[in-house]
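Biologist: I'm new to this one. Could you show me the structure and walk me through its charged side chains?

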Amino acid sequence: MKVLAISGSLRPDSYNTKLLRAAEELLPPEVDFVLYQGVKAVPPYDEEDDLQVVPMSVAALRSAIGEADAVLFATPEYNASIPGSLKNALDWISRPLATNTLRNKPVAVVGASTGAFGAVWAQADLRKVLAAIGARVVEGEVAVGHAPTRFDETTGRLEDESLREQLQETVDALLAEVEARALVPA
Ligand SMILES: Cc1cc2nc3c(=O)[nH]c(=O)nc-3n(C[C@H](O)[C@H](O)[C@H](O)COP(=O)(O)O)c2cc1C
């Protein structure tokens, strides 16, 4: 089984990317975890460009999602919503609507912010957009508030036990959704 991880932050030291790495630690060893690194290269969405041969960065993103059994997103909150770069990437992924590579794909959303609330509004918006695209959004929220205090500075480990438990539950729900879908006849 392959889980693709997409961070909504482009920063090298992103707490959201650290959160995805923390999730990787909680996966069973047989699960292949891939952190997608190409969101920054995705150009602004242009419907005209989408009618032509799409940019390589877009084709690569669509195919990485197509090859994954599940996708785990971690999003920061920018001005009470999803970062523009992540929304832009999702707009590219969403086309063509009927056959986009996120359609029926099990996905989960977690998030971290430097403020108290752990990007809960951005997570809610991201879940809404993912559902509109046709993804199977699993239950579970992990809201890492005050992110600079939550990760070990050297190892990047998520130190808060209760947040680790919530992250484990979310990851387990994501894998369970993949397994449940595998049992559904095509
Ligand atoms: C443009 C911008 C807008 C922000 N807006 C919010 C916000 O609405 N709510 C919030 O909790 N944090 C907000 N923040 C702070 C982010 O939570 C913080 O920068 C966080 O570390 C970003 O995640 P990252 O570490 O994964 O890059 C904002 C940061 C930026 C740069």
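Modeller: Let's start with a term: buried means under 20% relative accessible area, exposed over 50%, and partly exposed in between, using a 1.4 Å probe and protein chains only. This is a predicted model, where local features need pLDDT of at least 70, side-chain atom pairs count only at pLDDT 80 or more, and totals for chains, interfaces and linings use all residues. Residues are numbered from 1 along each chain as its sequence is written, and side-chain values use heavy atoms, with hydrogens and water left out.

Biologist: How many salt bridges does the structure hold?

Modeller: A salt bridge here is a side-chain nitrogen of Lys or Arg within 4 Å of a carboxyl oxygen of Asp or Glu. With that rule, the number of salt bridges in the structure is seven.

Biologist: Where do Asp50 and Arg62 lie?

Modeller: Helices are DSSP runs of H or I with at least four residues, and strands are runs of E with at least two, numbered from the N terminus. The pair ties together parts that are 12 residues apart in sequence, because Asp50 lies in helix H2 and Arg62 in helix H3, residues 56-67.

Biologist: Which residue forms a salt bridge with Lys87?

Modeller: Lys87 is partly exposed at 32% relative accessibility. The closest N and O atoms are 3.0 Å apart, and the partner is Asp91.
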